[in-house]
Amino acid sequence: MATVRLSFSPAPVHVRTARLVGVAVARRAGVDEGLLDEVRLAIGEACTRAVALHRQYGLADLVTVEMSDSGSYTVRVIDHAPIEASIGLTKLPPDELAAESLTEDALTTGVGFALLAGFVDDLQVRPVEDGPGTEVRMVWPVTRR
């Protein structure tokens, strides 16, 4: 049972590093090669969402990514934005979602969950236990060698 923790400043350039580390840990954990593209895309999307929220709210707090291989491959991406921001576009009516006036950050935040649901069968989004923020938890099966 190994856990890898990665914390980075909320800058888009660091998302690539999180994806690379996430796929390397997934491969070592025994995630099927056919799922590694989904792992890469999901980690990238979750981290992009967290970075966008931090930038939107002017937060300098670090984005945290935890990867664990205990029984399955679990990735947790933790941001520190207000919880109402994390809900994002899910509260907007469909006609407002179609409006061209939405900012790129708003689109990234709200559409991110829809994309994540397409990449990850076991996806949970919940508030962090202490302070503001959201934890995006993604789980993939592993095959031990």
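Student: How far apart are the end C-alpha atoms of helix 1, and what span should its 17 residues give?
Tutor: This is a predicted model. Helix 1 covers residues 13-29. At 1.5 Å a residue, its 17 residues should span 24 Å. That agrees with the model, where the end C-alpha atoms are apart by 25 Å.

Student: Which residues of helix 1 are buried, and where do they lie around the axis?
Tutor: The buried ones are V15, A18, G22, V23, V25, A26 and A29. They cover an arc of only 165 degrees around the axis, so they sit on the same side of helix 1.

Student: Which exposed residues does the face turned away from that buried side carry?
Tutor: Look at the face of helix 1 turned away from its buried side. Its exposed residues are V13, R16 and R28.

Student: What covers the buried residues of helix 1?
Tutor: The cover includes strands and a helix. Among them are strand 1 (3-8), strand 2 (63-68), strand 3 (73-79) and helix 2.

Student: What span should helix 2 have, and how far apart are its end C-alpha atoms?
Tutor: Helix 2 runs over residues 36-56, which is 21 residues. At 1.5 Å a residue, they should span 30 Å. The end C-alpha atoms agree, being apart by 30 Å.

Student: Which residue with a positive phi follows helix 1, and which one comes just after helix 2?
Tutor: After helix 1, phi is positive, near 105 degrees, at G30. Just after helix 2, phi is about 65 degrees, at G58.

Student: In which sense do strand 4 and strand 5 pair, and which residue stands opposite P127?
Tutor: Strand 4 (residues 122-127) and strand 5 (residues 134-140) share 6 bridges. Their sense is antiparallel. Opposite P127 stands T134.

Methods:
Residues are numbered from 1 along each chain as its sequence is written. This is a predicted model: local features need pLDDT of at least 70, side-chain atom pairs count only at pLDDT 80 or more; totals for chains, interfaces and linings use all residues. Side-chain values use heavy atoms; hydrogens and water are left out. Helices (H or I, at least four residues) and strands (E, at least two) are DSSP runs, numbered from the N terminus. The expected span of a helix is 1.5 Å times one less than its number of residues. Two strands pair if DSSP finds at least two bridges between them. Buried means under 20% relative accessible area, exposed over 50%, partly exposed in between (1.4 Å probe, protein chains only). The arc is that of the directions from the helix axis to the C-beta atoms. Contact means heavy atoms within 4.5 Å.
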